[in-house]
Amino acid sequence: MFLSLVVVLVASGCMTRNPPRTSFKVGDVTVHAHVFQRGAFSPVMINVHDDENTSVLAGKVIVKESGGRLVELVHSGRRFVEFKLDGQTYRFDPNRIFSEDGIRATLSRRSYYSEPAHRVVKEFAAGFIAQFALDHEPVIVALHNTDGHGLTINSYRVDGDKSAASATLHASARRSVGDFFYVTDRRFFDYLKARDFNVTLQDDANVPDDGSASVYFARKGIPYLNIEADVSHLDEQTEMVRVAREMIVELGLIPR
Ligand SMILES: [Zn+2]
């Protein structure tokens, strides 16, 4: 059984033109998971926001270059997933669904809360994690984009609106504030700071449990990082993904 799996992996070692797809039913809507992979499955990179496509392009460059797996959620091209259940329209942020509190909050904030909707969203979150065995990965890399207005590295400063999530940060004088790493592992912080990237380290003890993947994987003890870059900064983000991969290899989390 294991041997035949290995053969399949080797056989699919080149970039597939028609990537394997997995779909999840969420109420009346289908959320597709597009998978791009080459060689070994690790590191796994996930993209959960369907309007953050620059990050996906950057991730694909590095998968092609060095191997790994990229899982992209695709539904409407928009950030939020919208679905109907029993005649009611619901909406949620797919990066706020990895805890009970997160699901309640994102349904309430983005649309309307009901227990049946909660069950549907919870099943989707659990299915996504199980389908790609994310709980068994040595590290999770999440790919995101910023738009130059909202979230920046400055959001994590003591006077920023995300300060509770940050134990410490490093802001580079030579990088755009919208291009930054959000990490849960002190080794990642030290490495990226030494390279003079914008980086914030999650404060695991005080970060609000908003159902985001960073909190979920921190609680599982799985090193995690977000790579956030301005949507117009493909080259910068590609370099950030490349450096993240080098870092993960150098720290011994995945084989070279
Ligand atoms: Zn995002």
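User: Which residue stands opposite H144 in β11?

Analyst: This is a predicted model. β7 and β11 pair in the parallel sense over 7 bridges. Across from H144, the β11 residue is E228.

User: In which sense do β9 and β11 pair, parallel or antiparallel?

Analyst: Strand β9 covers residues 180-183, and its V183 stands opposite L225 in β11. The two strands pair over 4 bridges, and the sense is antiparallel.

User: How many of the 7 residues of β11 are buried?

Analyst: A residue is buried if 20 or more other C-beta atoms lie within 10 Å of its own. β11 is largely enclosed by the rest of the structure, because the number of its residues that are buried is 6 of the 7.

User: Is R21 buried or exposed?

Analyst: R21 lies in strand β1, residues 21-26. Leaving aside residues up to four places away in sequence, R21 touches H32, A33 and H34. R21 has 11, so R21 is exposed.

User: How far apart are the end C-alpha atoms of helix α2?

Analyst: Helix α2 has 14 residues, 53-66. At 1.5 Å a residue, α2 should span 20 Å. The model agrees, with the end C-alpha atoms apart by 20 Å.

Note on methods. Residues numbered from 1 in each chain as written. Predicted model: local features only at pLDDT ≥ 70, side-chain atom pairs only at ≥ 80, totals over all residues. Expected span 1.5 Å × (residues − 1). Buried ≥ 20, exposed ≤ 12 C-beta atoms within 10 Å, placed from the backbone. Contact = placed C-beta atoms within 7 Å. Pairing = 2+ DSSP bridges.
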